[in-house]
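Dear colleague,

I am handing over the structure below, and I would ask you to keep it open beside this email while you read.

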Amino acid sequence: MGALLQKDSNRTVSLLLSFAGGVMLSVVCFDLITEAIKTEISITTIILAVALGVAVIFLLNYLIDQKTNPEVPHIDSEHPKTADDLDELIHSDHLEQHYANKDNKFALFIAGIVMAGAIALHNVPEGMTIGASYASNNGVMGSAALILAILIGLHNIPEGMAVSVPLISGGMSKPKAVLITALSGAPTIVGALLGYLLGDIGALGLALSLGFASGAMLYVVFGEILPQAILMYRSKLPAFSAILGILAGLFIIYA
């Protein structure tokens, strides 16, 4: 879509992100964490696993932001302390800035690695929630895990557009840009394998996997997706879209 069309409007992307964030929140709170509690591992252990998931993803995002933000002119002291555009969320704006400056290939390579790392930070925990949900259902692809996988796929469409557009505008051929963008989704597969393998080694492993993945996803939803969605489209609609997503998630889990 990024190769064939212009980027979608901020309004549409904002509502899509907030709806997906609502569904993810619902699945985390009403499926993954409840499954972790059912393992009968102490609630303290589960809370610590959730907190660890939040802390790890926050810290890694913070380190990337500290490195890249000073290199992008429009991110200054007046800028919100979170991404207000999809390009910022995955740092494709950082890569685009290097293209605009006509920097050497090494600088472009490093910027590309940073962007890949930023995408991985979102996709790995998203994949872990799928794998952990699969493991909690005794290796059967239940409705929650399947719908979560579909929602994450839909949520990744605007992210994929944000990756491909600056690559193409920087002079890369469309087939190559599409291939690289598709490969940027590979961390989701890695995360799903990690979530499943950790969740398959017993009750403690399952509780830790579900807890860590839930914490990571909670940070992505509350720390990035929802603030960004509201900043992209400054109205009440992203909040209603997120609430609709929560209700849709409840229907998916319990219908």
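With a relative accessibility of 42%, Phe 58 counts as partly exposed, where buried means under 20% relative accessible area, exposed over 50%, and partly exposed in between, for a 1.4 Å probe and protein chains only. Please bear in mind that this is a predicted model, in which local features need pLDDT of at least 70 and side-chain atom pairs count only at pLDDT 80 or more, while totals for chains, interfaces and linings use all residues. Residues are numbered from 1 along each chain as its sequence is written, and side-chain values use heavy atoms, with hydrogens and water left out.

A search of the whole structure finds two aromatic pairs, and rings of Phe, Tyr and Trp (its six-membered ring) pair if their centres lie within 6.5 Å, with planes under 30 degrees apart called stacked, over 60 edge-to-face and the rest tilted. The ring centres of Phe 58 and Tyr 219 are 5.9 Å apart and the planes are at 75°, so this pair is edge-to-face. Because Phe 58 belongs to helix α2 (residues 43-68) and Tyr 219 to helix α9 (residues 203-232), the pair ties together parts that are 161 residues apart in sequence; helices here are DSSP runs of H or I with at least four residues, numbered from the N terminus. Tyr 219 is buried, at a relative accessible area of 16%, and ring pairs link Phe 58, Tyr 62 and Tyr 219 into a cluster.

Turning to helix packing, the axes of α1 (residues 10-38) and α5 (residues 105-136) come within 11 Å and cross at roughly 40°, the axes being lines fitted to C-alpha atoms over the stretch in contact and the angles running from 0 to 180 degrees between N-to-C directions. The two helices α1 and α5 are therefore oblique to each other, since angles under 35 degrees count as roughly parallel, over 145 as roughly antiparallel, 65 to 115 as roughly perpendicular and the rest as oblique. On the α1 side the contact (heavy atoms within 4.5 Å) is made by Met 24, Asp 31, Leu 32 and Glu 35, and on the α5 side by Glu 126, Thr 129, Ser 133 and Ser 136.

Ala 192 lies in helix α8 (residues 186-199) and is partly exposed, with a relative accessible area of 22%. Leaving aside residues up to four places away in sequence, Ala 192 touches Gly 127, Met 128 and Gly 131.

Best wishes
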